[in-house]
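Reader: I have not looked at this structure before, and I would like to go through its features step by step.

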Amino acid sequence: ASLTATQTFRDLNAELQNENERLNQRIVDLTEQQKKRDVKIRELNEMNVSLEGRKEALSARLTELSGLLRDMELYRLEILKATGTWEDCLQKAAEVLIGEDDVKYVEQGLSTA
């Protein structure tokens, strides 16, 4: 009975040591996986910071460009207003100088030319 108990103890001890080795290897594997994930997370965080800075720079450029386009539109409208006024003045001057009927005749000739 003592021999059987000793053999059972040895078998149980060997089984537990094997299980312990397997679990230790599993810990090593999981630790390496976690290290790889940590590196990936750190890389993604760095990329996120970089992209955030780039986004802010592009947003600032967009705001500046929007302001320039808005100013250009205002200048365009002023030019249209001025040229419209010039056109009206030229029309009135032509009417005064050569008569209203003659101006219409000249306009019709210009539009068909």
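Reader: Is glutamate 52 buried, exposed or partly exposed, and what is its relative accessibility?
Author: This is a predicted model, in which local features need pLDDT of at least 70 and side-chain atom pairs count only at pLDDT 80 or more, while totals for chains, interfaces and linings use all residues. Residues are numbered from 1 along each chain as its sequence is written, and side-chain values use heavy atoms, with hydrogens and water left out. Buried stands for under 20% relative accessible area and exposed for over 50%, with partly exposed in between (1.4 Å probe, protein chains only). Glutamate 52 therefore counts as partly exposed, its relative accessibility being 36%.

Reader: With which residue does glutamate 52 form a salt bridge?
Author: A salt bridge here is a side-chain nitrogen of Lys or Arg within 4 Å of a carboxyl oxygen of Asp or Glu. The closest N and O atoms of the pair are 3.6 Å apart, and the two residues are three residues apart in helix H1, so that about one helical turn separates them. The partner of glutamate 52 is lysine 55.

Reader: Which residues form a nonpolar patch on the surface?
Author: Patches are made of residues with over 30% relative accessible area and no salt bridge, where like charges are joined within 9 Å and nonpolar side chains (Val, Leu, Ile, Met, Phe, Trp, Tyr) within 5 Å. Together the patch residues have about 400 Å² of accessible area, by the Shrake-Rupley method with a 1.4 Å probe, in which, for residues, only the protein chains shown count as cover. The residues are Leu65, Leu68, Leu69 and Met72.

Reader: In which helix is leucine 65 found?
Author: Helices (H or I, at least four residues) and strands (E, at least two) are DSSP runs, numbered from the N terminus. The protein has two helices and zero strands. Leucine 65 falls within residues 2-98, which form helix H1.
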